[in-house]
Amino acid sequence: MNRKISVTGHTSLDYLLTVESMAGPNQSAPIRVCETQYGGGAANVAAAIARLGGEAELISPVGRDFESSGYDEWLKNFGVDLSKLYRLEGETLSKAFVITDSHSNQTTYFYWGAAAKLAELEPPKTDFVHMVTADCRFNAKMSQVAGFVSFDPGQDLVTYQKEPLNTILKNTNILFANRHEIQKVTEISGKTFEELQDTIGMIVVTRDKEGSVLYENDGERITVTEIPAIMAESADPTGAGDAYKAGFLVSLIKKFPPVICCRVGSVTASFVVEKIGCQTNLPNWEQMKERYVRYFPASDLDGSG
């Protein structure tokens, strides 16, 4: 099966700041590293999918600085299909200011820019969509016109309302969330985690260094599987979650079982943390396989290309 994965959400410029410790109110702190990188959850996932050999289509609002910043050419070089971008010449790209301390704690300030127009835009019909953190009203509409929905609520979850979130969850086939986000999903939706498991076929809860947990509902019972994280020398944790989802989705398209999809996601994420920037150290499929067999059975990926 060769299916295009459409990815919706943010495309942004990331300003990555590394500090020893976070400054409190009315305080300042020295910045040890300051980097400007290409980012945005949707663009990160699309780039990682394309790098792994998948077919990725980015559906995202971008501003007049998309080309002048070099981002347009950057994504084309990965092989990402940009034909369905919303090019809003009166706007600028989203901007993320990500502050990481020496203990890998992060604080993010986000300027929506062109993405603030998402609620006004109409999503195209898609066969397979991965919805990254973005405006909940746009995602609700997208979930209703897509054939298969993968949903990652992410940090924008704090802006979601009950009705559009429940519309999304009703149409979701795979839900990705970290342990904090899954709690917030239950609070906003009014549904218990058990109720989510009853209605969504697959839920993947990521737990940073503790790995991830896969919940599968086959209609008769729910299977729970723990997947270990792959330890790597971390230069910057930003974007690891996006790479995990890309690895998972490309493997799913290749018809691997969900547990192996999670393992591929974990391995893919381990590359990203080794360098600063969400898209600077993305592996191709062969590089991922080479590392995969150090931690998991080589037979898992037999016959994969």
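This is a predicted model: local features need pLDDT of at least 70, side-chain atom pairs count only at pLDDT 80 or more; totals for chains, interfaces and linings use all residues.
Let me start with helix α9, residues 258-272, and helix α10, residues 285-292, whose axes come within 10 Å and cross at roughly 100 degrees. That angle makes α9 roughly perpendicular to α10.

Sorted by class, the contact of α9 with α10 has seven nonpolar, three polar and two charged residues.

Let me turn now to another pair of helices, α5 and α6. Helix α5 covers residues 162-170 and helix α6 covers residues 179-189, and the two pack at an angle of about 115 degrees with their axes 9 Å apart. The crossing in which α5 passes α6 is left-handed. As for the residues involved, Lys162, Leu165, Asn166 and Leu169 in α5 meet Val185, Ile188 and Ser189 in α6, and by class this contact divides into four nonpolar residues, two polar and one charged.

The next pair brings together α1, residues 41-51, and α8, residues 240-253, which pack at an angle of about 45 degrees, with 8 Å between their axes. This angle makes α1 oblique to α8. Here the crossing is right-handed. From α1, the residues Gly41, Asn44, Val45, Ala48 and Ile49 meet Asp242, Ala246 and Val250 in α8, and the residues of this contact comprise five nonpolar, two polar and one charged.

Which residues lie nearest the centre of the second largest pocket? They are Thr18, Thr100, Asp101, Ala235 and Asp236, out of a lining of 14 residues, and the volume of this pocket is about 160 Å³. Of the contributors, β2 gives the most, with three residues.

To bring the helix pairs back into view before we open the discussion, α1 is oblique to α8, whereas α9 is roughly perpendicular to α10, and the left-handed crossing of α5 with α6 can be set beside the right-handed crossing of α1 and α8.

Key:
Residues are numbered from 1 along each chain as its sequence is written. Side-chain values use heavy atoms; hydrogens and water are left out. Axes are lines fitted to C-alpha atoms, for helices over the stretch in contact, and angles run from 0 to 180 degrees between N-to-C directions. Helices (H or I, at least four residues) and strands (E, at least two) are DSSP runs, numbered from the N terminus. Angles under 35 degrees count as roughly parallel, over 145 as roughly antiparallel, 65 to 115 as roughly perpendicular and the rest as oblique. A crossing is left-handed if the near helix is turned anticlockwise from the far one by less than a right angle, and right-handed if clockwise. Contact means heavy atoms within 4.5 Å. Ala, Val, Leu, Ile, Met, Phe, Trp, Tyr, Cys and Pro count as nonpolar, Asp, Glu, Lys and Arg as charged, and the others, Gly among them, as polar. On a 1 Å grid over the protein atoms alone, a cavity is a set of points where a 1.4 Å probe fits but cannot get out, and a pocket is an open set with protein on both sides within 12 Å along at least five of seven lines; lining residues have an atom within 4 Å of a point. Grid points are joined across faces, edges and corners, and a volume is the space filled by probe spheres set on the points.
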